[in-house]
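Please read it with the coordinates open.

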There are 2 protein chains.
Amino acid sequence: MSVLIVGSTALDSIKTPKAENPRLLGGSASHAAVAASFFSPVKLVGVVGEDFPKRYIQIYKRHRIDLEGLQILPGKTFHWSGEYELNMNNRRTLLTELGVFETFTPTLPKAHQNSQFVLLANIAPSLQSHVLNQMQRPRFIAADTMDLWLNIALPDLLKLTKRLDAFVLNDSEAHQLTKEDNMFAALRKIHKLGPKYVIIKKGSHGSILSSPQGFFICPAYPLHKVVDPTGAGDSFVGGMMGYLATAKGSIDRNIRRAMIYGSVVASFCCEGFGLNRTTGIKRSHINARVKELEKLTRF
Amino acid sequence: MSVLIVGSTALDSIKTPKAENPRLLGGSASHAAVAASFFSPVKLVGVVGEDFPKRYIQIYKRHRIDLEGLQILPGKTFHWSGEYELNMNNRRTLLTELGVFETFTPTLPKAHQNSQFVLLANIAPSLQSHVLNQMQRPRFIAADTMDLWLNIALPDLLKLTKRLDAFVLNDSEAHQLTKEDNMFAALRKIHKLGPKYVIIKKGSHGSILSSPQGFFICPAYPLHKVVDPTGAGDSFVGGMMGYLATAKGSIDRNIRRAMIYGSVVASFCCEGFGLNRTTGIKRSHINARVKELEKLTRF
């Protein structure tokens with residue numbers, strides 16, 4: 001089955017202590033869509049400006065991503081610029097030019113409206129809800145978010161979470177949302193907001209799933225070198241949803257393995273600037289790292 | 001087989017946002033010895049003053065810890081006092097009274113000198129070396145340390161690491177020691193200091209083993225409530241060494257499972273002040289959490 005992915009489609013200018021790369025293909029939907037494409041067909045919903053490089057369209061196409069839902073509008077593509085500190089964990093935003101994103105309203109083509117697997121990648125929660133309003137009855141809806149929306153659009157986010165099967169957020173966001181230091185206490189509060197599945201991302205420390213079947217401690221694949229972590233979280237959730245959409249059996253049966261696959265795609269994402277590394281791998285590379293993770297965690 | 005454990009034996013006055021507990025049984029050797037006692041006989045080497053409460057001696061005895069190497073000297077027991085912040089991760093030392101510890105020289109009773117499993121729990125590295133100088137040929141030597149020794153006794157520590165089979169330190173200490181942000185790069189440098197096994201502790205994020213057989217990602221047991229994390233690292237390494245000393249087969253075969261057992265004992269340690277919770281559990285409680293960890297990590 002295919003995955004419908006809505007989110008930002010952007011140009012990212014990224015500075016790390018070692019290098020600087022302007023106007024890379026980025027955005028939550030780009031990372032998630034490429035990650036999901038290793039496992040299932042993907043329908044991308046987003047917006048770019050007329051300045052969006054043709055070669056980036058070609059990257060989507062090489063990953064067989066359905067672009068019927070990608071609007072190309074007069075104006076400039078959303079441009080984000082950020083700088084990482086030496087340890088590659090902390091980053092600061094240098095510049096945000098919304099461009100065509102400012103007035104973006106995602107409109108679903110007819111063919112997208114009955115999608116069964118929906119990933120609402122990081123974007124304003126009102127837009128995430130707007131996408132759901134256009135849909136029939138998806139089998140599984142997951143959403144990611146970011147601290148910005150907790151700060152400026154919390155009521156919108158709380159309306160959205162009621163409609164979600166899975167809510168994915170990072171540990172500092174979980175703390176910000178619940179004011180709880182303890183993970184269990186935070187998870188209890190987040191479940192009460194609606195989602196049956198809550199996934200807390202912890203960067204290089206992996207992630208935690210809380211579900212009706214209990215908890216799962218999902219490891220991160222350890223990396224010799226982190227070149228650029230931008231998009232790792234989006235890759236994680238994209239890979240997870242791509243795997244879920246094609247795996248046979250129930251969500252409960254597959255979600256742990258789906259997270260492992262997502263975790264591995266995220267590891268590749270970190271090894272290159274933007275999508276440079278992820279777009280160079282094959283499913284066999286992913287499978288090899290999943291096998292390695294099995295060995296790294298066996299006891 | 002028994003484990004010889006040398007380290008600090010102290011009184012800990014601990015303040016958390018929720019409670020304050022003065023003069024608890026503490027010290028690296030106390031935590032490690034009680035943790036190891038669930039798996040194997042323990043010989044404790046340390047020093048206390050005449051003020052050391054008799055009931056704490058009774059706690060050691062209830063855990064069948066051999067106290068022939070515990071000196072009781074005129075003067076005061078080492079007293080440490082610390083305060084935890086709200087998130088229970090950061091703590092600051094309020095007071096350190098060395099007492100009899102100031103002039104402590106660990107002297108091994110004859111019967112201790114041919115111990116096969118030696119844990120040099122956190123204590124000045126010169127004292128850790130002094131213990132090894134009195135020993136015949138231990139089969140497996142592990143040492144823990146703390147940031148203080150990296151700051152004030154680095155040359156001593158670097159002499160010690162050459163003699164170790166296993167070196168255990170936390171992630172910030174590994175960074176301080178190697179100046180490397182990447183874990184693999186840090187591990188490479190630490191192996192060059194001597195130890196075949198390097199274990200990096202990451203608190204609630206678990207730990208990592210680097211060994212000739214490769215890496216192992218060891219999870220932490222997730223806790224509903226952290227009451228007092230003091231001694232968790234000591235409990236981890238104590239439990240690990242206790243398990244190793246009795247497990248049949250090679251170190252390589254057993255060390256991953258040993259870390260899991262250590263991780264579980266550490267989880268109990270965090271659930272009470274000082275050793276309050278750890279001294280109230282049985283091996284069956286530990287086994288149950290190990291089984292749970294198996295389920296929590298399976299995919």
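Predicted model: local features only at pLDDT ≥ 70, side-chain atom pairs only at ≥ 80, totals over all residues.

1. Residues are numbered from 1 along each chain as its sequence is written, chains are lettered from A in the order in which they are written, and side-chain values use heavy atoms, without hydrogens or water.

2. The model's ipTM is 0.92 and its pTM 0.95.

3. Chain A contains an open, mixed sheet of nine strands, in the order β5-β4-β1-β8-β9-β10-β11-β12-β13. Strands are DSSP runs of E, at least two residues long, and helices are runs of H or I, at least four long, both numbered from the N terminus. Two strands pair if DSSP finds at least two bridges between them. β5 (65–73) and β13 of chain A each have a single partner strand, so one side of each lacks a neighbour in the sheet. From one strand to the next, the twist averages 15 degrees.

4. Within this sheet, β1 (3–6) and β8 (117–120) of chain A run parallel and are joined by four bridges. One pair to check is V6(A), whose bridge partner in β8(A) is L120(A).

5. Helix α3 (125–133) of chain A lies across β1, β8 and β9 (140–144) of chain A, at about 160 degrees to β8(A). Axes are lines fitted to C-alpha atoms, for helices over the stretch in contact (heavy atoms within 4.5 Å), and angles run from 0 to 180 degrees between N-to-C directions.

6. At the start of α7(A), a side-chain oxygen of N182(A) comes within 2.9 Å of the backbone nitrogen of F184(A). After α7(A) comes G194(A), with a positive phi near 135 degrees.

7. How is chain B laid on chain A? A turn of 180 degrees and a shift of 0.0 Å along the axis do it, with an RMSD of 0.0 Å, so the two copies are related as by a two-fold rotation axis. The superposition is by least squares on the C-alpha atoms of residues with pLDDT of at least 70 in both copies. In chain B, the C-alpha of H205(B) is nearest the axis, at 3.1 Å.

How values were computed
Polar contact = N/O pair within 3.5 Å; in protein donor to acceptor, adjacent residues only side chain to side chain.
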